Structure formats: C-alpha cells, structure tokens
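Please take a look at the model below.

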Amino acid sequence: MAKSFDRIADKFDETRSLPEETMSAVVDALEWAMPQGATVLDAGVGTGRFALPLQNRGFEVVGADVSTRMMAKAAAKGVRDLFRSDVCALPFKDQAFDYTLSVHLIHLVPQWRCALAEIGRVTRNELISVITDRRNSATEEIRTVYRGSCGRMGFEVKHVAPGERELPELLPPDSKSKLAVRKEPLDVRKLLDHYETRTLSEHWDVPEDIHRRAVAELRERYKGVDELSINEELFLIKWRADRVREFARNPG
Ligand SMILES: C[S@@+](CC[C@H](N)C(=O)[O-])C[C@H]1O[C@@H](n2cnc3c(N)ncnc32)[C@H](O)[C@@H]1O
C-alpha cells in the first residue's frame, strides 16, 4: 500500500522547498540533461516542484502520483498533464517518454523493483534523479538523534525501500554530477515542530507514545539552541533506461 501524502499536501511546499538559488541550479541542470522539448514523466510528481519549472522551460511533462491532493496543488500552479496512478502500474505505452524524473519517490514504494520495472518500461532514454547528501547537515544530526531515541524504545525508523539516494549502491549510475551546495541557517524550533506534527513521511509509522517521547528528548537536547546549519550537497544522477529494465528483471 502506498503511503498517502494527502495528509501533508497543504504543508509539503513549506517544508520541502529549496532556496531559490539552489532550485534554479537544479532546474538548469535538468534542462541541460535533456534535449529541448523532450517528453518527461515526473513519477511521483507531488505538488509539481520540478514538473512546473520544466514545463515552463518547454518540456512536455506528464506527472503521475497516487495522491489526489498533492496533484491538486500541482494543477493549481498550472501543471497540465496529471494522472492519478501508482508507479507500479503506469497507464502509458512502452517507451512513451524520452526521460523519467524520479525524486524522493522510490523509498516510499514497498514494491520498488516493480516501480523500477515500470519506469524502465515507459522510458526511452534515461531515468534521472536529484539526490541530497545531508551527512554534514544539522538536519541529519537531528534525524539521527530522533532515530536513536526510537531505536532505544524498540522501534526502528526506516523507509520501506531503498530510495534514489541508495539506488547507486545497487545499480551504479551512468553519471553523477554535483549540482549545488545548500548552506543556510536551520530554524531548529520550526524543524522540531515539523517533527512533532509528523510532516516527514518516515515518522508516519512510529507508534504515538514512542514518537511523543522521542520528540520530547529532541526538545530537551536542543533546549536553547535556536539555530544550526543546513549544509547539503545536491547531485544529479542518471541511469540508462535499458540498464534500469535489465536491473529490474535481474537485480543480481
Ligand atoms: C516526497 S514526495 C516527492 C514529490 C516530488 N517528486 C518532489 O520531489 O517534490 C513523494 C510523492 O510520491 C507519491 N507517491 C508515493 N507512493 C507512490 C506510488 N506508489 N506511486 C506514485 N506516486 C507515489 C506521493 O503521493 C508524493 O506525492
């Protein structure tokens, strides 16, 4: 069963947006990675974070997502072609798209190999993703503290599948290039409020009592700390669609 983002559709852009400068570096890189006018499937299009700027730059973008409320946000911004569909059963012909873009999707799909098989099937050229390395960022430090608290209380916080970020360990990409470094202050209290209200999907399955205690531990640990630093590196990674198809058939 796919995790429904309907519940956080209203908060998604506020909590996941990139600063303007970083976003434009990402969209520039996506534009250079694909020939002008190419057809692009944005799998797990969400609120159209990438679909809208790509559409505005002349790409023929189609978005697919299971969440009607996320796609309603995308439609309200002007994203034109949206299909309610599971990435594991895409309603498109073989190689219907020149490229598929998949960002922050695969880790949410329990049948992730099936998702890759479908993406491989509908894509002629390449699967493209944007991944973020947060190892030196306070966001990751706070995440590790929260996960540690839950772990000590007997609950392992984890995604149902490897994400686009982990996929390179299983299927080495054909290319990986650094897009941008994001450095900015982190509003600690605001982030902890988002933890408390379970804005991040990895918190959705944590039992209420454990979640409450883990957030209380975080608040105690970061008492008096208003600001830390976001320090992230963003990368563009690409896999040839035929390699994605082969991997999905024969993961090794
Ligand atoms: C973290 S959001 C990312 C949205 C967008 N790619 C972005 O980066 O802004 C994940 C999106 O994937 C969608 N999703 C989750 N499971 C899915 C599935 N099995 N098939 C299609 N979409 C799915 C969610 O509804 C959500 O809109």
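**Rings, sheet and helices**

Lys 176 sits over the face of Phe 235, 4.5 Å from the ring centre. For such a charge, NZ of Lys or CZ of Arg must be within 6 Å of the ring centre and within 35 degrees of the ring normal. Arg 7 does likewise with Trp 204, at 4.1 Å from the ring centre.

A word on the basis. This is a predicted model, in which local features need pLDDT of at least 70 and side-chain atom pairs count only at pLDDT 80 or more, while totals for chains, interfaces and linings use all residues. Residues are numbered from 1 along each chain as its sequence is written, and side-chain values use heavy atoms, with hydrogens and water left out.

Now the aromatic rings. The structure holds six aromatic pairs. Rings of Phe, Tyr and Trp (its six-membered ring) pair if their centres lie within 6.5 Å; planes under 30 degrees apart are stacked, over 60 edge-to-face, and the rest tilted. Phe 5 and Trp 204 have ring centres 5.0 Å apart and planes at 65 degrees, so this pair is edge-to-face. Phe 5 lies in the segment before helix 1 (9–16), and Trp 204 in the loop between helix 8 (188–196) and helix 9 (208–221), so the pair ties together parts 199 residues apart in sequence. Helices (H or I, at least four residues) and strands (E, at least two) are DSSP runs, numbered from the N terminus. Both Phe 5 and Trp 204 are buried. Buried means under 20% relative accessible area, exposed over 50%, and partly exposed in between (1.4 Å probe, protein chains only).

Tyr 146 and Tyr 195 form another pair. Their ring centres are 5.3 Å apart and their planes stand at 75 degrees, so the pair is edge-to-face. Tyr 146 belongs to helix 6 and Tyr 195 to helix 8, so the pair ties together parts 49 residues apart in sequence. Tyr 146 and Tyr 195 are buried. Ring pairs also link Phe 5, Phe 12 and Trp 204 into a cluster.

Two strands pair if DSSP finds at least two bridges between them. Contact means heavy atoms within 4.5 Å.

Look now at strand 4 (residues 97–102) and strand 5. They run parallel and are joined by four bridges. Tyr 99 has Glu 126 of strand 5 as its bridge partner. Thr 100 stands opposite Leu 127 in strand 5. Strand 5 is mostly covered, with nine of its eleven residues buried.

Helix 5 (residues 112–122) comes next. Its buried residues are Trp 112, Ala 115, Leu 116, Glu 118, Ile 119, Gly 120 and Val 122. These buried residues pack against strand 1 (39–43), strand 4, strand 5, helix 7 (167–170) and helix 10. The axes of helix 5 and helix 10 (residues 241–249) come within 8 Å and cross at roughly 145 degrees. Axes are lines fitted to C-alpha atoms, for helices over the stretch in contact, and angles run from 0 to 180 degrees between N-to-C directions. Residues making the contact include Trp 112, Leu 116 and Gly 120 of helix 5, and Val 244 and Phe 247 of helix 10.

Finally, some single residues. Ser 137 is found in the loop between strand 5 (123–133) and helix 6 (138–152). Its relative accessibility is 3%, so Ser 137 counts as buried. Leaving out residues up to four places away in sequence, Ser 137 touches Ser 229, Ile 230, Asn 231 and Glu 232.

His 104 has a positive phi of about 55 degrees although it is not a glycine. His 104 lies in the loop between strand 4 and helix 5 and is partly exposed, with a relative accessible area of 36%. Arg 198 also has a positive phi of about 55 degrees, and is not a glycine. Arg 198 lies in the loop between helix 8 and helix 9 and is buried, at 15% relative accessible area.
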